[in-house]
Amino acid sequence: MDPHTEQVLEWPVLIDCLANEAASTMGAACCRGLIFTSDLQTARILQQETKEMVDILEGTHPLPFLAFPDIRNVLARAEKEGVLDGPELRDIALVVGLSHTIKHYLEIHGPSFPMISARFLNLQDLMGIKQIIDSCIDRNGHLRESASPELYHLTRKSQELRQTMRRQLEGMLASQEYEDLLQGQYYAERENRCVIPIKAERQQAIDGIVHDISGSGATVFIEPRHLIELNNSIKFADLQLAQEERHILQDLSSRVAEQVWAIRENLSILANLDCLMAKARLSIKTNGSPIHLNQEHGIHLQQARHPLLALSKGQVIPNSIRLDGETSVLIISGPNAGGKTVSLKLVGLFAMMVKVGLLPTCGPDSQMALFGQVYADIGDSQDLSNDVSSFSGHILNMIALLKNIGLSGKPGNRDALVLLDEIGSSTDPVEGAALAEALLIRLCQLGCTIIATTHYPTLKTLAFRNPHVRNASHEFDMGTLAPTYRLIDGIPGGSSALEIAERLGLDSTIIQSAQLMIQRQDYDLDAIFRILQSTHTRLKRECEQAAYLRQEAQHLFDEAEVTRNQLQTQKREDRQRYRKQWQQEFSKAQRQLNQILNELKTSKTLSKARSIQQTIGSVNQEMISHLPDNFLESSEPPHEGDLVEIDPLGTIGVLQECLEGKKQVSIRVGTQTIKTAPSAVRRATASSSKKPLSGPQQFSWKRSLSTISPKTRHPTSNQTTGQYQHELVIRGFRLDDAIEMTLAALDHAMVAQAKYLKVIHGLGSGALKTGIRTFCQSSPYVQSFRRGDPAEGGDGVTVIELR
């Protein structure tokens, strides 16, 4: 790749960002040494590898962090039979262990990531050498005592001798014999021999060898003569220990030397894998995506963002860039500082990124050609030291470009992407525009793909004169007098130089003078460009809004349709289920009530039978009133115990027998039984349930299988007037029945959160009064009770206060 092109496109800056994502120095070096490929299949594989690594890093089983040391020099020394130290052997074990972990990971998860598995699964398994090193070297790079039996023995011997020396020295420090001689209560080591600090003026008072003197000269460090032999023993033990350690390290180094080639191969694979992980991390940060690489030299980038801007800024305006079909030249115009050069660099960086496996920062549905070469002439090429002006610099770059592409027209030299910023500038506008147009046509004839930026009106209209040229422009908001950085495809754009100058604060009189000086045709052309751009922007916005509203409407319609179908299905299922359940429960309750009624009639307790008959009618009416509309509608004929409606009478009751084979059937309505033809009977519905039942309207309370029907006389409770919301009349009933009725009434009053219950039992023989009041004394419902006031009924009434 051309070095000048790499510099002007800021490729080294992007590579530095990539290298910073590597976990190892070798991985960072691999990032900086990436080689551009010109093979389409290789480029596709590189992209796929990066995409697989992104999936690994974002998955539930990511690869371990590849932070490993650079041991290339260590391996080179081992290869030359050098002796490695503990930390170096530890680093080798770390690399070998990491290689084993990666290999094991790829063996398990390799089928999900075929590209990475095929490239990195050939790691050598060297766990044998790691286990040997780990058995001798700890994590800090120190030799373990257990590295050999001899090392263990010598280590213990050295420790014991030092312990003996420590006891001797501590005894001397504590002895009164040396109290006046010592400079301090401590001992030290000089030349690996134990010494004690003696005052300089008293050094003659102790027999020994002088090893050192303090900086001030006040202290002399002396090895007492009676400790010389012990110090010698320690020294000899240390020498033996060092010799054994060297033997162990030499043996380990020899074992490493036998596997240098395999370890070096694993190290290279780990470095490349770390580089691949760096690519994936950078792609995650920039939200990059793999794109389709084609051979037609076409460019179709969707939602493209400059990668360096994506890294440095939170939000970047995305743009779509299209250059395909018969078009080989894209001319981008628009205001100054509007984003033209950014778009130019963006395409150039993308063309280079796909050649090394970096994922471009654009939509996944994008596609781009794999260009063999990328050339860029961006910025000021002025070189004062060589007497090269800006215009001369650009021309020299064009000459070199044409030379590199080759005027001979070889097909192999025609897969080039050429990026030209402000082509033909820095000279006379008329001559510069003509020269720029001629250069573009020549490059187009040579088969190059060209993207150029310009402010020249003649180049903006070139697309209308040449079918191989296409226009695009960066938008300028006339309302804010500022660029929007959006790229509009298909139309040229005005430079808006006067508007930008005015926004930046240039004197308005100068702006007005400049407007008068502009030739009318040039000013009209620029105004046309602005109108076209404004119209295009408005129409695009309206189309996008219409498409969004249409999509939302369709989405809401689909949701409503699904919901309607679900509700209809649920409604049918609920109706069928609850109808069946209610019919079963109601029929069961009806049969039970009929059985009780028959028993009561047999026992001749007519008053109780009459009360329960009336209650049955109330239960029928109340149950039907709670059913939803059409709940009981069914095409099935009614069965015994079902609620039915008698059409001629317009009333409802309970069917007493089956309709099948009968000329007349019995229907109980309230306390009476009616005979009618089966054809006049149909199953009751919710609407028919609103019709009144025959017989008095009463409230029903249910306890077990007994149904009690107390009367409700007043809507409120008032102790002063003797009127209560809940009253129970039990006159004429036997005591057992009265107790049962009172208990049921208390249940109902508690549910209704009533405070009082008035029980009317009369005077009579006094048995009901005594029984009820005895019951109240033990009832958990009752807070207190009293006889009624004269206004309430006197002693014939008991007023119960509930808890």
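Author: L440 counts as buried because its relative accessibility is 2%; buried means under 20% relative accessible area, exposed over 50% and partly exposed in between, with a 1.4 Å probe and protein chains only. Please note that this is a predicted model, in which local features need pLDDT of at least 70 and side-chain atom pairs count only at pLDDT 80 or more, while totals for chains, interfaces and linings use all residues. Residues are numbered from 1 along each chain as its sequence is written, and side-chain values use heavy atoms, with hydrogens and water left out.

Reader: Which helix is L440 found in?

Author: L440 belongs to helix α15 (residues 429–445). Helices (H or I, at least four residues) and strands (E, at least two) are DSSP runs, numbered from the N terminus.

Reader: And what is L440 in contact with, leaving aside its neighbours within four places in sequence?

Author: With those neighbours left aside, L440 is in contact with V329, I331, L420, I423, I450, A452, L459 and L462. Contact means heavy atoms within 4.5 Å.

Reader: New topic: at what angle do helix α3 and helix α11 pack?

Author: Helix α3 (residues 25–32) and helix α11 (residues 260–286) pack at about 65°, and their axes are 8 Å apart. α3 is therefore roughly perpendicular to α11. Angles under 35 degrees count as roughly parallel, over 145 as roughly antiparallel, 65 to 115 as roughly perpendicular and the rest as oblique. Axes are lines fitted to C-alpha atoms, for helices over the stretch in contact, and angles run from 0 to 180 degrees between N-to-C directions.

Reader: Which residues make that contact?

Author: On α3 they are M26, G27, C30 and C31, and on α11 they are L267, A271, N272, D274, C275 and A278.

Reader: I see cysteines there. How many disulfides does the structure hold?

Author: The structure holds 0 disulfides, a disulfide being a pair of cysteine sulfur atoms within 2.5 Å. For C30, the nearest cysteine sulfur is that of C275, 5.6 Å away.

Reader: What about C362, buried or exposed?

Author: C362 counts as buried, because its relative accessibility is 4%.

Reader: Last one: how do α9 and α10 cross?

Author: The axes of helix α9 (residues 149–174) and helix α10 (residues 228–258) come within 9 Å and cross at roughly 155°. The two helices are therefore roughly antiparallel to each other.
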